[in-house]
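Take a look at the model below. The text then walks through a few of its parts.

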Amino acid sequence: MGSDRLSNNIRRLRFDAGEMTQQQLADKVGVTRQTIIATEQGRYAPSLPLAMRIAGAFGKGVEEVFRLEEK
Amino acid sequence: MNKAQKCAWFNLIMAAILLVLLPTRMLSFPSRFLDGLAFFIVFGVIGLFVLLFRKKQGVVEFDERDKLIHKRSLLVVYFVIWGFFITACIVPYLMLGPTGSISVYIMPVILYGTFIVAMLVHSVLILVQYGRGGKDGQ
């Protein structure tokens, strides 16, 4: 198994959810805006509970928000 | 810039100042006691700096990513401290040999130096990890 990359479509989901801002999403899931930015850009892989909270904020499942891509 | 970054910048500046002051001031014999006292006061100010930032109500300021960044930084600082301390103990032995002697004043200098280097490394690591994000990463 090579090194995997976790990608996501948080940005698109935010815009689809009434143009939710990063700060609003951060407040909803209980993290800082910087963490949301880093997660969106793929620079930070959230923990499972955080990933589930983010997915729950959009009413989606974790696998609908995050994807594991093999490098 | 978040609280951790501000503290890191402050510690970085203080460590840089102390690094310049250490060799120039602590070698002056008459005021060694005052120098030691001054360094303790500076370290106290550094420690109290965190209290200057009030926690904003209802705002998350320290989450799992911040915890991870601090944990990684502390891990590296742990090894740096050991490396610095071991080097500081071994180098005089290698330079002076088994029969050489050094002033006991060197011991607090090693202690201060270790602390300053640890502060420098910790601050730089914090800033690098937070800063690797381009414009939006603050």
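**A helix and an interface**

Start with B:Trp82, which sits in helix α3 (residues 64–96) of chain B. The model is predicted. B:Trp82 has a relative accessible area of 44%. That value lies between the 20% and 50% cut-offs, so B:Trp82 counts as partly exposed.

B:Trp82 belongs to a nonpolar patch on the surface.

The side chain of B:Ser73 reaches the backbone oxygen of B:Ile69 at 2.8 Å. Beyond its neighbours within four places in sequence, B:Ser73 is in contact with B:His122, B:Leu125, B:Ile126 and B:Gln129.

Next comes the meeting of the two chains. The size of an interface is often given as the accessible area lost when the parts come together. Here, chain A and chain B bury about 1,200 Å² between them. Carbon and sulfur atoms give 41% of that area. A:Gln34, A:Arg43 and A:Tyr44 supply 46% of what chain A buries against chain B, more than any other three residues.

The contact takes 14 residues from chain A and 16 residues from chain B. How many salt bridges cross the interface of chain A and chain B? The rule finds 0. Polar contacts between chain A and chain B number 5 residue pairs. On the side of chain A that touches chain B, helix α3 (residues 33–40) of chain A gives the largest share, 5 residues.

Terms used. Residues are numbered from 1 along each chain as its sequence is written. Chains are lettered from A and ligands numbered from 1 in the order in which they are written. This is a predicted model: local features need pLDDT of at least 70, side-chain atom pairs count only at pLDDT 80 or more; totals for chains, interfaces and linings use all residues. Side-chain values use heavy atoms; hydrogens and water are left out. Patches are made of residues with over 30% relative accessible area and no salt bridge: like charges are joined within 9 Å, nonpolar side chains (Val, Leu, Ile, Met, Phe, Trp, Tyr) within 5 Å. Accessible areas come from the Shrake-Rupley method with a 1.4 Å probe; for residues, only the protein chains shown count as cover. A salt bridge is a side-chain nitrogen of Lys or Arg within 4 Å of a carboxyl oxygen of Asp or Glu. Helices (H or I, at least four residues) and strands (E, at least two) are DSSP runs, numbered from the N terminus. Buried means under 20% relative accessible area, exposed over 50%, partly exposed in between (1.4 Å probe, protein chains only). Contact means heavy atoms within 4.5 Å. Buried area is the accessible area (1.4 Å probe) that two parts lose on being put together, summed over both. A polar contact is a pair of N or O atoms within 3.5 Å; within protein, one must be able to donate a hydrogen and the other to accept it, and residues adjacent in sequence count only if both atoms are side-chain atoms.
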